[in-house]
Amino acid sequence: MFTRERLIPEEGWRKKVYRIIYYSDTPAGKLFDIVLLCAILLSAVLIILESLPGNYSRHFNVFYTAEWVLTIFFTLEYMLRLMCIKNNRAYVLSPLGVIDLLALIPFYLSLLFPGAHFLLLIRLLRLLRVFRIFRLMEYLKDASYILEALRNSYRKIFIFLFFISIISVIVGALMYVVEQGENGFKSIPESIYWAIVTITTVGYGDISPVTPVGKFFAIVLMLCGYSIIAVPTGIVTQELRRKPRVGKPCSRCGNRDNDGDARYCKICGEKMVDQSASNG
């Protein structure tokens with residue numbers, strides 16, 4: 001994430017525009033961000049409605065005009081973000097900068113490749129700004145706990161999914177032999193497809209075994225399917241429980257599950273002591 005101190009212009013109109021575009025602590029800045037979010041939502045709704053059969057042909061002028069107006073708006077907004085900062089590279093290579101750029105590319109690609117504009121739904125990622133606009137950054141800290149737990153448990157989950165993949169291939173091959181290439185099991189790849197659909201508890205029903213042995217394998221695979229949900233969930237939950245709490249400790253009960261700015265303990269209600277003030 002780029003540091004804003006390196007990007008703030010020293011003076012002039014660039015500093016004023018920067019304040020409006022990159023901050024939401026002023027009326028103009030908050031209004032700009034809310035208008036931006038509304039434009040993103042409107043763009044997503046129009047793209048979804050356009051995909052409905054017959055809608056685009058009946059309301060061609062509305063969709064065509066709205067796409068150009070919104071794209072011009074987002075393009076000008078992106079250019080303003082580049083013009084009012086000192087270090088363009090820092091913004092362009094930042095996560096939000098990459099998302100902003102990806103939100104523009106699909107429309108211009110659609111001029112060469114029809115249908116690519118449906119990828120404009122990437123713009124919904126820009127709604128992440130709502131956490132900054134409405135000062136909900138504390139929610140992102142909780143999300144970091146989940147991401148860290150996933151990082152710590154990805155090896156176990158990978159091994160488990162690898163084992164499940166092997167089981168699916170083996171059972172798929174067995175079903176091809178047992179069903180003798182009939183009842184939808186026309187090839188081993190088709191049988192593997194059935195095994196994966198069955199073990200993930202999706203069960204489309206387009207392929208189903210008829211022989212008693214085939215039904216037995218199907219039952220075993222269905223029962224194994226429950227582990228698809230239970231095992232990874234248990235692994236991640238265990239990692240979450242191992243996560244040490246870094247909150248303010250309570251002097252009475254020792255509870256550390258308190259916010260950094262908490263005045264009273266969540267468990268016993270003891271008034272929290274400011275360690276920095278007491279040390280000073």
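Helices (H or I, at least four residues) and strands (E, at least two) are DSSP runs, numbered from the N terminus. The model is predicted, so local features need pLDDT of at least 70, side-chain atom pairs count only at pLDDT 80 or more, and totals for chains, interfaces and linings use all residues. Residues are numbered from 1 along each chain as its sequence is written, and side-chain values use heavy atoms, with hydrogens and water left out.

The protein chain contains twelve helices and zero strands. Along the sequence, its pattern reads α-α-α-α-α-α-α-α-α-α-α-α. Contacts were counted between heavy atoms within 4.5 Å. Among contacts in the protein chain with a separation of 6 or more, 55% join residues 24 or more positions apart.

Accessible areas come from the Shrake-Rupley method with a 1.4 Å probe; for residues, only the protein chains shown count as cover. The protein chain has an accessible surface of about 18,000 Å². Carbon and sulfur atoms hold 67% of that surface. Residues were classed by relative accessible area: buried is under 20%, exposed is over 50%, and partly exposed is in between (1.4 Å probe, protein chains only). Of the 280 residues in the protein chain, 31% are buried.

A nonpolar core is a set of buried Ala, Val, Leu, Ile, Met, Phe, Trp, Tyr and Cys residues joined through side-chain atoms within 4.5 Å. The largest such core has 19 residues. Within this core, Y18, Y22, F74, C84 and I85 touch the most other members. Two or more residues come from each of α1 (13–22), α2 (27–50) and α4 (60–83). Helix α2 gives the largest share, six residues. A second, separate core holds eleven residues, including F160, V171, F185 and A218.

Aromatic contacts were then examined. A pair of aromatic rings is described by the distance of the centres and the angle of the planes. Rings of Phe, Tyr and Trp (its six-membered ring) pair if their centres lie within 6.5 Å; planes under 30 degrees apart are stacked, over 60 edge-to-face, and the rest tilted. This rule gives eight aromatic pairs. In one of them, the rings of F185 and W194 have centres 5.4 Å apart and planes at 70°, so the pair is edge-to-face. Both F185 and W194 are buried. Elsewhere, ring pairs link F60, Y64, W68, F107 and Y108 into a cluster.

Helix α9 (residues 137–178) includes I170. With 44% relative accessibility, I170 is partly exposed. I170 and S191 are 21 residues apart along the chain, and their C-alpha atoms are separated by 9.7 Å.

Backbone angles come next. Most residues other than glycine have a negative phi, and most peptide bonds are trans. Q180 is not a glycine, yet it has a positive phi of about 55°. This residue, Q180, lies in the loop between α9 and α10 (188–199). Q180 is exposed, at 64% relative accessibility. The loop between α9 and α10 also holds N183. Phi of N183 is positive too, near 60°, in a residue other than glycine. N183 is partly exposed, at 34% relative accessibility.

Cysteines complete the account. A disulfide is a pair of cysteine sulfur atoms within 2.5 Å. The structure holds zero disulfides. C38 is partly exposed, with a relative accessible area of 46%. For C224, also partly exposed, the value is 31%.
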